[in-house]
Amino acid sequence: MSRNENRTGMPGNETHTPQDTDTPAPVATGSPEPAFHWSAPTEMVQLPSGGRFYPEGHPLHNSSTIEIRYMTAKEEDILTSQSLIKAGLAVDRMLENLIVDKRIMLNTLLLGDKNALIVASRVTGYGPEYTTNVTCPSCTAVSRYEFDLESGRINNFDEALIEYGATLTEDNRLQLTLPFSGVEVTCRFLTGQDEINDFKRNKKRSKNTRGNSTLTDMFNQIIVSVNGSTNREDINGFAKNMPARDSIYLRSFYASATPNLDLSQNFECAECGYEADVEVPLTVDFLWPKR
């Protein structure tokens, strides 16, 4: 048989076999391509802050959303790492893994924005249905209750300022005159780094068996000046001796004004029929759900 009998006869349409030329047939090398490759989808998460309280130069300055990947088995491994759990870093490492823009440092995020990421990552991983134990505020009965994590609302910062007669300074600080003492306090929004510092402080305190001073610790963290004084001794002294009425007022204002995700939802006790809006309890079921 002639070698030309394997061709069509049309120029450019020749079909060669390795035997037609002196060039050896290619040999497959290396590992074969994986039979299956999964690329995790991403989601844009709305930031409670709207990016308005980040300084110029921050990746989230004036950005209303942040992009995260869907949670995968890799993130579940992070969440179940005993060493990370013991160090209080499991959730942070999980979030760092999910954030698409690696310029964004988790410890620079406002706590409300970080909370929104935690909720969104939980929804991408396990769905919006969240079932956990709830203790009835009326009869103290404990029951399993299902919450919808997609029904959260974002605090209205501007309404809070008007309601409490507060102002926002040029450097994004909150100024408020306390109603009982008449003291003017200036506060700041807390970040992920403050949360890390707080965890370390509480861990050290528990080792030294010291008493709990959560309220004064919080006031020392958020207050940056008292009647214009930025002296830490003045701030610490006022935090310890603040009238209870002012303490309640400041806490209420700060909770309302802080850009955050409000997860309070309706709860009805199956035992006594008590019904009210309650804050969704973030128990171990939240990121480590029972299946």
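**Exercise 1. The largest pocket**

Which helix gives the most to the lining of the largest pocket? Work out the volume, the lining and the residue classes of this pocket.

*Solution.* Before we start, note that this is a predicted model, where local features need pLDDT of at least 70, side-chain atom pairs count only at pLDDT 80 or more, and totals for chains, interfaces and linings use all residues. Residues are numbered from 1 along each chain as its sequence is written, and side-chain values use heavy atoms, with hydrogens and water left out.

Step 1. A pocket is an open set of points on a 1 Å grid over the protein atoms alone, where a 1.4 Å probe fits, with protein on both sides within 12 Å along at least five of seven lines; lining residues have an atom within 4 Å of a point. The largest pocket has about 1,300 Å³ of volume, taken as the space filled by probe spheres set on the points.

Step 2. The lining has 44 residues, and Leu111, Asn115, Ile118, Glu195 and Asp198 are the closest to the pocket centre.

Step 3. Now the helices (DSSP runs of H or I, at least four residues, numbered from the N terminus). At least two lining residues come from each of α3 (90-98), α4 (111-126), α6 (192-207), α7 and α9. The answer to the opening question is α6, with nine residues.

Step 4. Sort the lining by class: 21 nonpolar, 12 polar and 11 charged. Here Ala, Val, Leu, Ile, Met, Phe, Trp, Tyr, Cys and Pro count as nonpolar, Asp, Glu, Lys and Arg as charged, and the others, Gly among them, as polar.

**Exercise 2. The second largest pocket**

Find the volume of the second largest pocket and the residues nearest its centre.

*Solution.* Step 1. The second largest pocket holds about 280 Å³ of space.

Step 2. Among its 15 lining residues, Val45, Val119, Ala120, Leu149 and Leu261 lie nearest the centre. Two or more lining residues come from each of β1 (42-46), α4 and β5 (153-154), where strands are DSSP runs of E, at least two residues.

Step 3. By class, this lining has nine nonpolar, three polar and three charged residues.

**Exercise 3. α3 against α4**

Describe how α3 and α4 pack.

*Solution.* Step 1. Their axes (lines fitted to C-alpha atoms over the stretch in contact) are 11 Å apart, at an angle of about 80°. The two helices are therefore roughly perpendicular, a label for angles of 65 to 115 degrees.

Step 2. Look for contacts (heavy atoms within 4.5 Å). Val91, Asp92, Met94, Leu95 and Leu98 of α3 meet Lys114, Leu117, Ile118 and Ser121 of α4. These divide into six nonpolar, one polar and two charged residues.

**Exercise 4. α7 against α9**

At what angle do the axes of α7 and α9 cross, and which residues meet?

*Solution.* Step 1. The axes of α7 (residues 214-222) and α9 (residues 244-257) come within 12 Å and cross at roughly 60°. That makes α7 oblique to α9.

Step 2. From α7, Leu215, Met218, Phe219 and Ile222 meet Ser247, Leu250, Arg251 and Tyr254 of α9. By class, this contact has six nonpolar residues, one polar and one charged.

Methods. Axes fitted to C-alpha atoms, helices over the stretch in contact; angles between N-to-C directions. Parallel < 35°, antiparallel > 145°, perpendicular 65-115°, else oblique.
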